[in-house]
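Please look over the sequence and the model before reading on.

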Amino acid sequence: MKIVTGKKNLSVLIGAAFLMATSSIGPGFITQTASFTSQYKLDFAFAILVSVIFSVVAQLNVWSIIVVSKQRGQDISNKVLPGLGYFIAFLIALGGLAFNIGNIGGAAMGIQILTGLDITITAAISGMLGILLFCSPKMGGVLDTSTKIFGMIMLVLIAYMAIVTAPPVGEAVKHAFIPDVPPLLATITLIGGTVGGYITFAGGHRLVDAGITGVEHLKDVRRSAFMGMTIDAVVRTLLFLAVLGVVTMGFSLDPKDPAGSAFLYGAGEIGHKIFGIVFFCAAITSVIGAAYTSVSFLKTLIPVVNRNEKLTIMGFIFASTCILIFLGKPATLLVLAGSLNGLILPITLAVMLIATTKKRIVGEYKHPKILLYLGWIVVIVSAYIGVTSLGGIMKLMH
């Protein structure tokens, strides 16, 4: 595999950081953040802080093992326990497909806000845009560039909203460390959405595809992971502050569209158009991340996928779009996918941590003990998230 060096190396490392960050900031997260901010107000800062810490631990562990072993998540899993990689790849691909239905829907909603076109038309446009991004012969470069551009647009526009709504920043910082009532349910929900499913592996798999692997690259890779989580944390914090500013003005957000109403109340019609742009950028980057990473879990296991990777990714997006257009947004499927997402993280992270003890996987590499111990804490907490999600599914089924 060709090793990328110099400016290309740096570009890929930054691209991987943006791919991971933008994958975790999807339309579901934006809606969820607005809803929780409306409910918990200043105390939701605590949930954001804890979720970011857990995300950093999970990302550093997973990226380190992928790069040192020079293998993708499914191949490492198969070496830890034969057949496990196939099971994990199936779960991630299924979850990625289900969530991409919601992501296409989010992109469609963003375009509809900006143009006023029918939602079916905007859904078709969103799907076509997602497919076009993977048509280039230089897929990796387009992937890196598009996530950087959309990510920066989100960052700038959400920062603008955070300034316009003038939130109580000092109070938010205080409550991040000393909340009146720790919002535990919101915290564990946010952790699941931050590093669940394919998201943890998006950046790491991009680096494997670019040939940035081996212990010699570990320092730069960890910097890339930190960069990704910094971008993620900044966007999350600014979004929280933007909504908090609106809530502290005394506005009650629309429960059917909490994020859209927050932008509308915060900056009028211009704010609502800004929301359309942000929602589209968040959704289309999540479409890119979910499709690319889901297929990357299949390509070393299924030869025909490996030979036709780009076509498979485009087919993945096409299928998501058709399901949305012809069947609507199947709520049960999305909720089930959420439960699977909650269950995937403890399984995959535990496998990665076990892999650090296998010389046939990592050679003479010694994984930092602090990362190992913190990683197991994340496994335990995320396992609790998964059990909680399944409990919700059982209630819905009854």
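Predicted model: local features only at pLDDT ≥ 70, side-chain atom pairs only at ≥ 80, totals over all residues.

In which loop does Tyr198 lie? Tyr198 is found in the loop between α9 (184-195) and α10 (199-210).

**Tyr198**
- Tyr198 counts as buried because its relative accessibility is 6%, and buried means under 20%.
- Tyr198 and Thr293 are 95 residues apart in sequence, yet their C-alpha atoms are 6.2 Å apart in space.

**Nonpolar cores**
- The largest nonpolar core has 66 residues, and those that touch the most other members are Ile30, Phe44, Leu207, Phe240 and Val278.
- Helix α11 (residues 218-248) supplies the largest share of this core, with 15 residues.
- Leaving aside residues up to four places away in sequence, Val278 touches Ile30, Met154, Leu157, Ile158 and Phe263.
- In soluble globular proteins, nonpolar side chains tend to be buried together.

**Cavity**
- There is one cavity of 30 Å³ or more in the structure.
- The largest cavity holds about 30 Å³ of space.
- Its lining is made up of Ala21, Thr22, Ile25, Gly151, Met154, Ile231 and Val235.
- Two or more lining residues come from each of α1 (6-24), α7 (139-164) and α11.
- Of the residues lining the largest cavity, five are nonpolar, two are polar and none is charged.
- Met154 is in the lining of the largest cavity and is also touched by Val278.

Terms used:
Residues numbered from 1 in each chain as written. Heavy atoms only, no water. Core = buried A, V, L, I, M, F, W, Y, C linked by side-chain atoms within 4.5 Å. Buried < 20%, exposed > 50% of the residue type's maximum accessible area, 1.4 Å probe, protein only. Helix = DSSP H or I, 4+ residues; strand = E, 2+ residues; numbered from the N terminus. Contact = heavy atoms within 4.5 Å. 1 Å grid on protein atoms, 1.4 Å probe; cavity = no way out; pocket = protein on both sides within 12 Å on 5 of 7 lines; lining within 4 Å. Points joined across faces, edges and corners; volume = space filled by probe spheres on them. Nonpolar A, V, L, I, M, F, W, Y, C, P; charged D, E, K, R; others polar.
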